[in-house]
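Subject: Structure for your study

Dear colleague,

Please find the structure below, handed over for your study.

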Amino acid sequence: MSAAGGQHWEIEFYDFAAAWPAGLGEHAPGFGDLHERAVGNGARSGTPVIVARTGEVDSRVNLFFRTGRMADCTPATWRRYGFALVVWLNFLHVFGQRWDQATARDVEAFKHWRLTDLGNAGRVAPTSFDTDRAALKAFYTWSAARYGTVNPVCAVAGAGFSHGR
């Protein structure tokens, strides 16, 4: 996966103390008070919002951070899991795969790419991938219960296993 081809999804974080961008103001036409609307939808300061560069939003992905066990997590956990999901979504995007149709084979390919693929300049240590896997497992466990998606992470072995050493 090349860096240029893989940056489809980005992450932002709600910051209710920050000033609104010039020209937007706190009231957007047709939406009312945006902070009030966000809070009403379960957002807090620090809640991630994952958006495609095209402006596309998958509300199912973003709802993950505002409901269930994730809603009670700290902003630091949201950040780490949010960034892990963005890397995963971008990985899938490169291969034309949707997150709600991902398979254990996709997770294995992601693991290889994150840990050992020499074509990936952003390889990570196994402990970092363990966090990625924890984020994906939490996300897919939640989405399986909420939307009936298959959890592709359950069948994948841990990152830190020995390769016959």
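Y140 counts as buried, because its relative accessibility is 0%; buried means under 20% relative accessible area, exposed over 50%, and partly exposed in between, with a 1.4 Å probe and protein chains only. The place of Y140 is in helix 6. The C-alpha atoms of Y140 and D100 are separated by 8.7 Å, although these residues are 40 residues apart along the chain.

Please note that this is a predicted model, in which local features need pLDDT of at least 70 and side-chain atom pairs count only at pLDDT 80 or more, while totals for chains, interfaces and linings use all residues. Residues are numbered from 1 along each chain as its sequence is written, and side-chain values use heavy atoms, with hydrogens and water left out.

A144 is also found in helix 6, which covers residues 126–147. A144 counts as partly exposed, because its relative accessibility is 28%. From C-alpha to C-alpha, A144 and D100 are 9.4 Å apart in space and 44 residues apart in sequence.

The overall layout is as follows. The protein chain has six helices and four strands; these are DSSP runs, numbered from the N terminus, with helices being H or I of at least four residues and strands E of at least two. Read from the N terminus, the elements run α-β-β-β-α-β-α-α-α-α. Of the 165 residues in the protein chain, 37% are buried.

Helix 3 (residues 59–63) holds N62. N62 counts as buried, because its relative accessibility is 4%.

Helix 4 has 20 residues and reaches 28 Å from its first C-alpha to its last, close to the expected 28 Å; the expected span is 1.5 Å times one less than the number of residues. Its buried residues include W78, Y81, L85 and N90. After helix 4 comes G96, with a positive phi near 70°.

How many aromatic pairs are there? The count comes to 18, where rings of Phe, Tyr and Trp (its six-membered ring) pair if their centres lie within 6.5 Å, and planes under 30 degrees apart count as stacked, over 60 as edge-to-face and the rest as tilted. W88 and F91 form a stacked pair, at 6.3 Å centre to centre and with 15° between the planes. These two residues are separated by about one helical turn, because they are three residues apart in helix 4 (residues 75–94). An α-helix has 3.6 residues a turn, so residues three or four places apart point the same way. W88 is buried, with a relative accessible area of 0%, and F91 counts as buried at 5% relative accessibility.

Another ring contact involves a charge. The charged end of R79 sits over the ring of F13, 4.1 Å from its centre; this term requires NZ of Lys or CZ of Arg within 6 Å of the ring centre and within 35 degrees of the ring normal.

Finally, there is a pocket to examine. The second largest pocket has a volume of about 250 Å³. A pocket is an open set of points on a 1 Å grid over the protein atoms alone, where a 1.4 Å probe fits, with protein on both sides within 12 Å along at least five of seven lines; lining residues have an atom within 4 Å of a point. Among the residues lining this second largest pocket are H8, W9, E56, R60 and W99. Helix 4 gives the largest share of the lining, three residues.

Yours sincerely

Definitions and conventions
Points joined across faces, edges and corners; volume = space filled by probe spheres on them.
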